[in-house]
Amino acid sequence: TACAEATAGPGTALPDAVEAADIPAGLTASFSLLPLSVPSASVRETFEAYAKRIPEDLAKSFDCTFNGIEASLTASSAHLPHFLWLRRVSKNSSSDPDPKEPAPENSDGLVVFRTQRSFSGSFCEVLHFSLTTPSWRDDLGPAIQACTSFIFDTAPVSSVRAVLQYSVVEDGKFKILPDVERPFKSLGFRWSRLSNSSDGRRLQVVERTRSADRGDPKLPEELLDLKVASFLVLPLLDGARPASSSANGGEEEEEAQTSSFGGNCLLQAECLRRHALAEKDDPKPPGVNGEAAGGDSTSSVVEELYRKLKRHSTLQMVKSTAGTKASILAEEGGQFEGLADNAFPEDSAQALCGSFQLALNWRHSTISSAPGFLNVEIHATGGAADDVIFLETEDENIDVSIWKISEEIAGYTQDKLYRHCLEKIKSSPPTKVGDDRPFDIVKLPECKLSLAGSTSAPPDHLCSQAFGRPFHQLEVALSSRKPAPGVLIPSAPDSTKAFELDRPFLMCAWHDKIEDVEVPLFVAVIDPKAA
């Protein structure tokens, strides 16, 4: 079995063996961690060949079957398990005494873990941990220390969780083997909870939190496939809006909107709902059948959303506040710190500000052979020509849609771009999945976009307050992250049919829980040639 190069992320290369740290006082040895390098289809065979060498008492204290690992192999790409061999390094040896490449028949141990997310943050779940050394009782402490240090060095997690099994020990009592429990406690692991497995095993979860007091490093930056940050500044006017800023300003208003940038109608409508205080007595706009005058003005989409959201619960993902520029930028949590300096108009002392951010990983992806690209599995296609592709993310409520567009559509203003999205999705729902898909993957380019501009002001008839022209800012980052150390990359399909992004395309995200609102979370036009 060959040893793969370990990589922690773009620009961060680790050597083939993750070298053992300085051996702490009182420990007789330390361990190097080396990535397992076998095809995904062979990992069970490799694991079971190794597991035969685990000492009996140790095998009773951990889950040493492949069952618990197997389910994790179908997880999303960002949370696939890491498989790392352990190699013992004696305290009295300046070099590795065993130059052989690690394999089931000679490895000193194995750790398998994956990162998980919860409402309180990310943590590392240890799926398997074992040693095969004759002196395993003395080696447990150094091995646990090496694994914990490696995880905190490379993974953006706040804690490490391990599961210890109860068994009948030498004194006849049913408990955790003291020789196993002791080193975990001495290295800062604390009792978290007790549980029973479906097959009747008694389990104890222990957890160690990242702590600077123990010398743990700072949380490394999490490498995500897709980051989106959307900001809005809506100036509050003391009196009536000047005629030139009217929402029904015709051609002048149309020119004020930034082409190839859709702004964020959902963000604007939600902020208005929260902070506009009250509608006027006559909420109907001056137009036919309640439609905003001006036809394609931005306010028409925002107004429709405003009314829909009045019947909807608060959108938790949206952060909003009202105040002066200084008070908004000092908002606790720093959720508005990404705003450009020119976001606030000089003639407005007060403003309404909103933001929301998405941090997502694709559910299934592989590294592309072409530098700067990520192969993302297509979940479904839609449209008569299968020209719309649907991508799954780790968040089961959020999906992303992509389709190629013409230069004319790429230059649409906010309202036109949003209406194009709605019409396209309604006419092209996902219809082909699995083997029926004409495409397996799409190669997404690594890119960072920063789009900003003004759009139409809310119409006078909508709210009791007068607003100036809003400033929108959208940041979109697509990453082509590299695999983390020890992650087994799924085998590529025998026949890969790629959806080619050979011209500008439109990307938008949809949230299931606001499906009735019928609006994307964001809209962005991306040109792969400029990425």
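Me: Which residues is valine 517 in contact with, leaving aside its neighbours within four places in sequence?
Reply: Let's begin with where it sits in this predicted model: valine 517 is in the loop between β26 (505–511) and β27 (522–526). Helices (H or I, at least four residues) and strands (E, at least two) are DSSP runs, numbered from the N terminus. Contact here means heavy atoms within 4.5 Å. With neighbours up to four places away left out, the partners of valine 517 are Leu266, Leu305, Lys308, Leu309 and His312.

Me: Before we go on, what pLDDT do local features need here?
Reply: Residues are numbered from 1 along each chain as its sequence is written, and side-chain values use heavy atoms, with hydrogens and water left out. As this is a predicted model, totals for chains, interfaces and linings use all residues, side-chain atom pairs count only at pLDDT 80 or more, and local features need a pLDDT of at least 70.

Me: What is the mean pLDDT of the protein chain, and where is it below 50?
Reply: pLDDT is the predictor's confidence in each residue, from 0 to 100. Its mean over the protein chain is 79, with 79% of residues at 70 or more. Residues 1–26 fall below 50, and that stretch has 58 contacts in the model beyond near neighbours in sequence. With 36 such contacts, the other stretch to mention with pLDDT below 50 is residues 244–259.

Me: Why should those stretches be handled with care?
Reply: The pLDDT is below 50 over residues 1–26. Where pLDDT is low, the predicted coordinates should not be read in detail.

Me: How many residues does the protein chain have, and what share of them count as buried?
Reply: The chain holds 11 helices and 27 strands. Among contacts between residues at least 6 apart in sequence, 74% join residues at least 24 apart. Of its 531 residues, the buried share is 50%.

Me: What does valine 157 touch, not counting residues up to four places away in sequence?
Reply: Valine 157 lies in the loop between α4 (136–154) and β7 (159–165). Its relative accessible area is 0%, so it is buried. Arginine 117, 40 residues away in sequence, has its C-alpha 8.7 Å from that of valine 157. The residues that valine 157 touches are Thr115, Ser122, Phe123, Cys124, Ile151, Phe152, Arg210 and Leu219.

Me: Which residue in β11 stands opposite leucine 164?
Reply: Strands pair if DSSP finds at least two bridges between them, and β7 and β11 pair in the antiparallel sense over 7 bridges. On the other pairing, 6 bridges join β10 (residues 190–196) to β11, again antiparallel, with leucine 194 bridged to glutamine 204. The residue opposite leucine 164 is likewise glutamine 204.

Me: What stands opposite phenylalanine 373 in β21?
Reply: Strand β16 (residues 373–377) and strand β21 (residues 441–445) are antiparallel and share 5 bridges. Across from phenylalanine 373 is proline 445.

Me: What is the phi of aspartate 386?
Reply: Aspartate 386 is in the loop between β17 (380–382) and β18 (388–392), and is buried, with a relative accessible area of 11%. Most residues other than glycine have a negative phi. For aspartate 386, phi is positive, near 50 degrees.

Methods: Buried means under 20% relative accessible area, exposed over 50%, partly exposed in between (1.4 Å probe, protein chains only).
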